[in-house]
Amino acid sequence: MQSRTMVAALAALLILPLFVALLGFHKPTWTPVLDLAQTELRVRDVGTSNTPLIGLPGRILYDGQQGSHPGPLSFYALAPTYRILGSSPFALQAGTVVVHTGAIVAALLIARRRGGTVLTVGVAAALALLINGFGVTTLTEPWNPYLPLLWWVVVVLAVWSVVCGDIAMLPVAVLAGSFCAQTHVPYLVLCLGAGGLATIAAIVYFRRAGPSARRSILRWTGLSAAVGVVAWLPPIIDQLRHRPGNLSILLNYFTRTPPTEPTVGLRDAADFVLRHLDVFHLSVDQLAHPGLLVATDPHRNASAWRGAIVLALWAWAAVAAVRARHHTLMRLHLVAAVGLVLVLLATSRIYGVVWYYLLLSTWTVTAVMTLAAVWTAVVVLGTRFRRDRGERMARAGVACLLAIAVMFSARSTWVAPNARHSDATVVSELNAVVPATVSALDHNARYLIAWDDAAFFGSPGYGLLNELDRRGFRVGSFDGIRVIVTPHRVLQESEATARIQLATGQWVDAWRRVSGATEVAFVDPRNPTQTARFAQLRSEVIDHLRSNGLDDLAGLVDLNLFAVSIDTRVPDDIKSRLAEMLELGVPMAVFITPPGTHL
């Protein structure tokens, strides 16, 4: 099989589950909420006078200033497919698949360039494991922690290529690294570190090279610098335009530890990283339950002791590669080691709650370490056999790797038709109230959108703003959330024709009692049995919280159910009840009121 055909076939195999999931998601109407709604707002702005210059708002707050992720490259990457396919939520999902497809193809091409058929199939097997572990929902939703997942693989492979002397891969490393670092800030440290390694390697090769090779290195490094400047020009423009700029907010936030948010520290970070080195969890557990890397299962958790075994085996393989003087493998182990140190340092600097999505990059390092260790074992064993037998073993190894790629891709494809959107309950509720809301509005009017949300952390409010904005209504929201809704969508209440008020839970009845408020849409996703079950769970949760001395949280159950569910003080048995309550949902209504109407 020709190498290009092989790359195309393997790419098609890996993309298949995402394509199948995308087709399944096209049937129901998807209504993005919270971060995904905020993403669509910005993707829709690309190419306009309000083209975004920074990334999505994050858990970044310094001196009262809301910070965002570093840059807008993810919005730019999603925009072409989004526009071509009609600027719809489905088009946004299709754009997400295109972004991940680009990463898959790039990774396979680098592998072919670096190691021919064997390495290409090996990287395909590693990608199949990661795709199956992350799950098709993760890789078809444009959430910023998920968009860099496969491009981080490209960064690692491109940096390894540069360390091997292939300086032509330096621009690829810069572009892929910029995409990851701008899209989700935890990748900033990782990509800076990886980029530093690539830069050092380029300098070493330059110093050792002759005149002709030096000119080539200078051309590629010059192109890399140009790529970096262009990629980072939007955040720099934002920094120059605003006081403070977003880059300043990020620098201050991450260099001055907030007293209320202590960092994880190296000791606890080591435990987190060891658990993410558990290859058994990455492979066997994910084969049984695809998508488990972004989900929870009390019976299938990653294990620190299994991760420690993987670490020890990889260390043995690294030493064996050095003893065998296999320079390509030595450099791969070096890149894996640097990646391991970087994820450890990045994890140690996490503030507050260690959310699962902050650690997903470690699984890529695990896959690279495993690939390097297996390759080393094959090389070491190959020296003990005759050449003809070694060649047969190599062919058998390729067959095994191909079988792994096929098996895990097939498993992902099998479950893809049954994939569900994340936040399915709030998505379905918002989707139910949007049509009646749209019917009650006037395209010539200006609407201030506000919400009182008892359950979903404001998710449906941002979703409603996005839905009406996409349909061409003149909508905006409060100045206090200008960074979140984008500054040009801020609308003063005095400038609004009317106020659109979304309410959930107990706020529905509260707004029904407001004079002048006209209810235009309502949904309660629960049947009588489910309503009774919700009431039972609510009573149990409040009683348990009070018995555990968490009276403050008990008072929040009817006001901010999501916030209670993620509070670290809540015991697991109560969290399971809260999760069921969120799954059941609460009533949702939309009202139109005169400007200035409040509870």
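Predicted model: local features only at pLDDT ≥ 70, side-chain atom pairs only at ≥ 80, totals over all residues.
Pro57 has Ser68 in E2 as its bridge partner. Strand E1 (residues 57-62) runs antiparallel to strand E2 (residues 65-68), and three bridges link them. Two residues sit between the strands of this hairpin, and Asp63 adopts a positive phi near 55°.

Next up is the open sheet, which is built from five strands. Their order is E4-E3-E5-E7-E6, with mixed pairing. Strand E4 (474-476) and strand E6 (518-523) are the edges, each pairing on one side only. From one strand to the next, the twist averages 25°. Within the sheet, strand E5 (residues 498-504) and strand E7 (residues 588-593) pair antiparallel over six bridges; Leu502, for instance, has Val590 in E7 as its bridge partner. Helix H16 (residues 424-439) packs on this sheet and touches E5, E6 and E7, with its direction at about 145° to that of E6. Helix H17 (residues 459-470) lies across strand E3 (446-452), E4, E5 and E7, and runs at about 160° to E3.

Then there are the helix pairs. Two packed helices are described by the angle between their axes and the distance between the axes. For helix H8 (residues 211-241) and helix H9 (residues 246-255), the axes come within 7 Å and cross at roughly 90°. On the H8 side, Pro235, Asp238 and Gln239 do the touching, and they meet Asn246, Leu247 and Ser248 in H9. Sorted by class, the contact of H8 with H9 has two nonpolar residues, three polar ones and one charged.

Helix H10 (residues 266-275) and helix H12 (residues 304-323) make another such pair, packing at an angle of about 80° with their axes 7 Å apart. H10 and H12 are therefore roughly perpendicular to each other, since angles of 65 to 115 degrees count as such. Here Asp271, Leu274 and Arg275 from H10 meet Ala304, Gly307, Ala308 and Leu311 from H12. The class tally for the contact of H10 with H12 comes to four nonpolar, one polar and two charged residues.

Finally, a look at one residue in helix H4 (residues 89-134), namely Thr101. A polar atom of the Thr101 side chain lies 2.7 Å from the backbone oxygen of Val97.

Key:
Residues numbered from 1 in each chain as written. Heavy atoms only, no water. Axes fitted to C-alpha atoms, helices over the stretch in contact; angles between N-to-C directions. Helix = DSSP H or I, 4+ residues; strand = E, 2+ residues; numbered from the N terminus. Contact = heavy atoms within 4.5 Å. Nonpolar A, V, L, I, M, F, W, Y, C, P; charged D, E, K, R; others polar. Parallel < 35°, antiparallel > 145°, perpendicular 65-115°, else oblique. Pairing = 2+ DSSP bridges. Polar contact = N/O pair within 3.5 Å; in protein donor to acceptor, adjacent residues only side chain to side chain.
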